[in-house]
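These notebook entries record what I looked up in the structure shown here. I began with the terms and then turned to individual elements and residues.

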Amino acid sequence: MLENRFVLFLLPVALFLVWLGVRALLGRRTTRFTVNVTFSLVLLLYFAAVAGTGIFWVARQELPVFDWHYLLGYITLALVIAHVALNWGPVAALLRRTAPASMKTAPGGAFRGWVKAAGALVLAALAGTALFLAGGEYASERIVVHVPAAGGQQAGAPAPQSAPQEPALEPAARAPSAGTLVEADGEMISMAEFYHRGSSYPERTRLSGVTWKARPPVYKSYPERPATPLPQPRLEGGGTVLAATEAWRRGCGRLQTTSLKLAELSELLFCSQGITKTETLALGLWDFRAAPSAGALYPVDLYVVVNRVAGVPPGLYHYSVKEHALVLLREGLLFPRLEALAERSRDYQAAAATVIMTVTFGRTGFKYRGRAYRYVNMDAGHAAYNLGVAAAALGLAAPVVMRFDDAALNALLEVDCEVEAALLLMPLGRSLEDDSAESPPEPAFVSAIAGASDEAVRS
């Protein structure tokens, strides 16, 4: 499906064609020379756009939408082919003057038939290449998702924008794979393989229903909600990174029922997503954060469920990166809800606070498209590592919890799961020295999958 920017890039060509049409309707004769000169100016405009985006943005790795560069290049290639076609007479005359005699007819006034055929084939190949490169970016695949229903049967569930649903494959025709399967290009593959293919270079399977639009805001804001400023973080002191990493690994067991200081929470949030410096780049002021991010696009947001933090009432908060403050979203003790939607409930009961990391896919996807599915996971991992190591340096524990009911947690945060989704949770507190308890059982919550019954899929 064509995107808005592709239509925008074709606007100069459209205006040129409209200009020719209006002159024709008014009965004004447009000479070939006038058309040629005007067309050359349009071509020069596109060439300048391609060169400008390449020199000033792509080369400096600062282009907010890399599609600007290569889409303009596709259009320029098509215009070059059209320009050669419009001026084929002079080009052919020049080629005839310099061509060997064996390529020309006896009088030398024209090319032989096989030369003309070869030239037409080359031009057709160039035009086809331009159309393939431009159109291939917007090709879509028919994807059918087969969700396992009760009794082990596969219930076909077409993905968004797919063709009408077909009956599920017979058991003998299915690939020997458990769980949700995806039918792509007539092949049954697992969701994990589908994810891997869809985010690989080069693309083998496009993700149906996924489109990257304009870049979303870098910072979430809640201007009408009350905010609690956080103390300035302490940026020096502490032990080595290796010692803190080992302490984090050892301290990821059960937590004490103790409180957390506001200064400690401030340092943890800052070390995960705080702004460390601001630089002036070609696009303006750019904030860089404590954790690395692909393209410095920072898709991660931090939410904090407060239980026992000195000076902060219990509730759900959003960490305002720009203001280094906690923005109150919902008051009240929410840890019972966390206990119900994820495993390690013992940690939620004891934790002084729990950090929930979400990602807004469009912040990375508008630039990296399908590859963003990998990058946002790495960015969340960087942020989680920073927070965990900082917690260990402060003598705290910060276990990582990744098994939870996605729909329930996203509903708790009131985020649009088509745009933003929770990836992991990190309860914060002081670790018990003697943690001899057995590992918690697997959670028994029911995942909410669109189009499936309550019994369709259980985690």
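**Terms and basis.** I took contact to mean heavy atoms within 4.5 Å. Helices (H or I, at least four residues) and strands (E, at least two) are DSSP runs, numbered from the N terminus. The model is predicted, so I noted that local features need pLDDT of at least 70, that side-chain atom pairs count only at pLDDT 80 or more, and that totals for chains, interfaces and linings use all residues. Residues are numbered from 1 along each chain as its sequence is written, and side-chain values use heavy atoms, with hydrogens and water left out.

**Whole protein.** I found 14 helices and 12 strands in the protein. Of its 459 residues, 40% count as buried; buried means under 20% relative accessible area, exposed over 50%, and partly exposed in between (1.4 Å probe, protein chains only). I noted an accessible surface of about 24300 Å², 62% of which belongs to carbon and sulfur atoms. That area comes from the Shrake-Rupley method with a 1.4 Å probe. Of the contacts between residues at least 6 apart in sequence, 68% join residues at least 24 apart.

**Helix H9.** I next examined H9, residues 262–273. Its 12 residues should span 16 Å at 1.5 Å a residue, and the 17 Å between its end C-alpha atoms agrees with this. The expected span is 1.5 Å times one less than the number of residues. H9 is largely enclosed by the rest of the structure, because 10 of its 12 residues are buried. Among them I listed Leu262, Leu265, Leu269 and Phe270, and also Glu264 and Glu267.

**Helix H13 and its packing.** H13 covers residues 372–393, and its 22 residues reach 31 Å from the first C-alpha to the last, close to the expected 32 Å. Just after H13, I noted a positive phi of about 80° at glycine 395. Which residues of H9 meet H13? I listed Leu268, Cys271, Ser272 and Gln273 on H9, against Ala383, Asn386, Leu387, Ala390 and Ala391 on H13. The residues of this contact divide into six nonpolar, three polar and no charged. Here Ala, Val, Leu, Ile, Met, Phe, Trp, Tyr, Cys and Pro count as nonpolar, Asp, Glu, Lys and Arg as charged, and the others, Gly among them, as polar. The two helices pack at an angle of about 145°, with their axes 7 Å apart. Axes are lines fitted to C-alpha atoms, for helices over the stretch in contact, and angles run from 0 to 180 degrees between N-to-C directions.

**Asparagine 377.** This residue is in helix H13. I recorded asparagine 377 as partly exposed, at 35% relative accessibility. Beyond its neighbours within four places in sequence, asparagine 377 is in contact with Tyr195 and Leu423.

**Loop residues.** Is tyrosine 298 buried or exposed? Tyrosine 298 is buried, with a relative accessible area of 5%, and lies in the loop between strands E7 (284–289) and E8 (300–306). Its phi is near 50°, a positive value in a residue other than glycine. Glutamate 414 also has a positive phi, near 55°. I placed glutamate 414 in the loop between helix H14 (406–413) and strand E12 (420–428), where it is exposed at 61%. Glutamine 232, in the loop between strand E5 (227–229) and helix H8 (241–250), counts as exposed at 70% relative accessibility. Finally, I noted that glutamine 232 and alanine 263 are 31 residues apart in sequence and 7.8 Å apart in space, C-alpha to C-alpha.
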